Amino acid sequence: MSIVIDWMAFVSVFFAALIGAVLIVTFYATGLRLLVRAGRIPVVSPAEFTDAITILTDKQANRAAKQAAKAAKKSPLTEGQKRVALVGAYGCFVMCALAVIAGILIIVIGH
């Protein structure tokens with residue numbers, strides 16, 4: 001009984017995962033940065049877990065939302081530049097989704 005490893009399939013999956021991870025992280029980080037520049041700062045309400053180390057109170061969450069709104073008002077960009085940044089952010093998020101789909105296709109079809 002002999003075990004044969006298909007090393008080319010292993011290399012294919014490795015590079016698909018590596019390239020996919022790099023692309024996804026890059027596009028997601030760029031998308032978040034452009035979203036902030038567009039004045040749409042994402043404020044995530046805290047989740048309540050029973051064993052959480054830190055739970056934000058409503059007061060802290062409201063303060064974070066006020067700071068986000070204040071930062072959005074201070075943006076030096078014009079409305080046109082904000083619109084371009086918002087479109088760029090959405091484009092980056094679409095590229096994240098395409099990178100995931102491409103990685104899956106490389107693994108499934110390329111095999």
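Mentor: Helices (H or I, at least four residues) and strands (E, at least two) are DSSP runs, numbered from the N terminus. This is a predicted model, in which local features need pLDDT of at least 70 and side-chain atom pairs count only at pLDDT 80 or more, while totals for chains, interfaces and linings use all residues. Residues are numbered from 1 along each chain as its sequence is written, and side-chain values use heavy atoms, with hydrogens and water left out.

Trainee: Which pattern does the chain follow when read along the sequence?

Mentor: The chain has three helices and zero strands. Read along the sequence, the pattern is therefore made of runs as DSSP assigns them. That pattern is α-α-α.

Trainee: What distance separates the end C-alpha atoms of H1?

Mentor: Helix H1 covers residues 7-37, isoleucine 19 among them. The expected span of a helix is 1.5 Å times one less than its number of residues, so the 31 residues of H1 should span 45 Å. The model agrees with this, as the end C-alpha atoms of H1 are separated by 45 Å.

Trainee: And for H3, how far apart are its end C-alpha atoms?

Mentor: Helix H3 takes in residues 79-109. With 31 residues at 1.5 Å a residue, H3 should span 45 Å. The distance in the model agrees with that, the end C-alpha atoms being apart by 44 Å.

Trainee: Which residues of H1 are buried?

Mentor: Buried means under 20% relative accessible area, exposed over 50%, and partly exposed in between (1.4 Å probe, protein chains only). Alanine 9 counts as buried because its relative accessibility is 17%. The buried residues of H1 are Ala9, Ala16, Gly20, Gly31 and Leu35.

Trainee: What separates the C-alpha atoms of alanine 9 and isoleucine 107?

Mentor: Alanine 9 lies in helix H1. Along the chain, alanine 9 and isoleucine 107 are 98 residues apart. Their C-alpha atoms are separated by 8.4 Å.

Trainee: Which residues does tyrosine 28 touch, not counting those up to four places away in sequence?

Mentor: Tyrosine 28 lies in helix H1 and is partly exposed, with a relative accessible area of 45%. Its C-alpha atom is separated by 6.4 Å from that of cysteine 92, 64 residues apart along the chain. Leaving out residues up to four places away in sequence, tyrosine 28 touches Phe93 and Cys96.

Trainee: How far apart in space are tyrosine 90 and glycine 31, C-alpha to C-alpha?

Mentor: Tyrosine 90 lies in helix H3 and counts as partly exposed because its relative accessibility is 44%. In sequence, tyrosine 90 and glycine 31 are 59 residues apart. In space, C-alpha to C-alpha, the distance is 6.7 Å.

Trainee: How many disulfides does the structure hold?

Mentor: A disulfide is a pair of cysteine sulfur atoms within 2.5 Å. The sulfur of cysteine 92 has its closest cysteine sulfur in cysteine 96, at 7.2 Å, which is too far for a bond. Cysteine 92 is buried at 10% relative accessibility, and cysteine 96 is buried with a relative accessible area of 9%. The number of disulfides is zero.

Trainee: What accessible area do the residues of the nonpolar patch on the surface have together?

Mentor: Patches are made of residues with over 30% relative accessible area and no salt bridge, like charges being joined within 9 Å and nonpolar side chains (Val, Leu, Ile, Met, Phe, Trp, Tyr) within 5 Å. Isoleucine 19, at 48% relative accessibility, counts as partly exposed, and the patch includes Trp7, Phe14 and Ile19. Areas come from the Shrake-Rupley method with a 1.4 Å probe, and for residues only the protein chains shown count as cover. Together the patch residues have about 1,100 Å².

Methods:
Salt bridge = Lys/Arg side-chain N within 4 Å of Asp/Glu carboxyl O. Contact = heavy atoms within 4.5 Å.
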